[in-house]
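Hello,

Here is the structure I promised to pass on to you. Please open it first, and then read my notes below.

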Amino acid sequence: MSVVSIIGCGFVADLYMRSLESFPHIKVAGVHDRDAARLRVFCDHYKVKPVASLQELLDAHPRDGLILNLTNPSAHYEINKACLDAGHHTYSEKPLALDTGQAKELHALALDKGLMLGSAPCSMLGEAAQTLGRALREGLAGTPRLIYAELDEGYLLQAAYKKWLSDTGAPWPYEDEFNVGCTLEHAGYYLSWLIAWFGSVRTVVSASAELLPDKIGKGPMAPDVSIATLFFEAGPVVRMTNSIIAPHDHSLTIVGDKGVLACDEAWDNAAKVTFAKRLNIRRKLMESPIRKTLRLPQPTHPKVKRWGAAALNFMLGPAEMLDALKTGQQTRISPDFALHMTEVTLAIQNAGEDSGAQKMTTRCDPLEPMPWAR
Ligand SMILES: NC(=O)c1ccc[n+]([C@@H]2O[C@H](COP(=O)([O-])OP(=O)(O)OC[C@H]3O[C@@H](n4cnc5c(N)ncnc54)[C@H](O)[C@@H]3O)[C@@H](O)[C@H]2O)c1
């Protein structure tokens, strides 16, 4: 039997509880939330133990267990630090911290104390990412050169997001989501796959902007769009887009010397993964219109049913860490992985308009439309 304790039981905690059903050997020792009413509703529903204070939870949590930090991003650093200071292995929802300095501090603390420190997302351990990873290792598409990773959410402000509720009635925290921004919230869904396959990013060239100033929320808002070019040490160059403006598109396109690997959904562990071979037919160069669906030869991991926009098992990462604790093996969910993902994501998000940009010295007005187009 393995044990987790949960800090923060809002919207996403319900998705963790759904995922936990697929790992019956993992039990919840206790749950803490600073919102006492929310804590009561959640614990009554799932029949888990409410813990009134953070200190009580840290005192009661067993050393061979894992704490899941599911609080809002603004609390991640403080809660992750408190867990590590108390000597506990910790898995944090993304991002690990809101600035790279704080993320580095947490990373050093975990290494110093010999503790595990992981950060969501964990979908790189899921079937779609692992299927693509195998195809890349086997060279199915040849050397990967250029990758397009899209994380566009549609024109979110016109969605009924104020009505979105979790299983136990937690509202989708839209103010917080707008404050934190779609890049910090979502870039990890493909960055984690890319870093899992290729390792470090050498350089980030990015631009980001807030294009929807009418959002409801407190304080300064985060960018609604970011467009980044990522130069991986291992060779591939990635164009990554995050937005809450452009029509929903979660596609990943990996262009190699021999063809194109693709997946159309980052938020589905079982998303379809395909390969289209490059062909020369007579004098025409093309990717085969018949795409081969790739499958792994053996059973993979427990899946969860689609809920809302996602069909993700949120416990793949924590379960991997708990297994490593039991067997004494290295976990794939390392502090290095969490820190690098955080640094790259923050570089994309914080780029703004001027970071590394070339200011133009010439200008040009829009053209008059043609008379028949007026
Ligand atoms: N909402 C989603 O669809 C979704 C999906 C995947 C991941 N996430 C991530 O999950 C995390 C939580 O998001 P959420 O949507 O559940 O937010 P939420 O606001 O619904 O829930 C967060 C909970 O944490 C509690 N909390 C905050 N600070 C605390 C503290 N210092 N001590 C104790 N409790 C504290 C709040 O009271 C709240 O109940 C975020 O990092 C987010 O990026 C959210």
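Domain 1 (2-119) and domain 2 (123-311 + 338-349) both contribute residues to the shell around the ligand, so the ligand lies between them. The domain bounds come from an automatic or database domain assignment.

Before the details, two notes on how to read this. The model is predicted, so local features need pLDDT of at least 70 and side-chain atom pairs count only at pLDDT 80 or more, while totals for chains, interfaces and linings use all residues. Residues are numbered from 1 along each chain as its sequence is written, and side-chain values use heavy atoms, with hydrogens and water left out.

**The ligand**

The ligand is surrounded by 25 residues (each with a heavy atom within 4 Å of it), and the closest are Phe11, Val12, Asp33, Asn72 and Glu185. By class, this shell holds 10 nonpolar, 6 polar and 9 charged residues (Ala, Val, Leu, Ile, Met, Phe, Trp, Tyr, Cys and Pro count as nonpolar, Asp, Glu, Lys and Arg as charged, and the others, Gly among them, as polar).

On its own, the ligand has 820 Å² of accessible area, and the protein covers 89% of that (Shrake-Rupley method, 1.4 Å probe).

Which elements give two or more residues to the shell? They are α1 (11-20) and α4 (73-85), and α4 gives the most, with 5 residues. Helices here are DSSP runs (H or I) of at least four residues and strands (E) of at least two, numbered from the N terminus.

**Backbone details**

Most residues other than glycine have a negative phi, and most peptide bonds are trans. Lys94 and Pro95 are joined by a cis peptide bond, with omega about -10°; Pro95 sits in the loop between β4 (89-92) and α5 (100-113). The bond from Ala120 to Pro121 is also cis, with omega near -5°. Lys47 has a positive phi, near 55°, and is found in the loop between α2 (36-46) and α3 (54-60).

Best wishes
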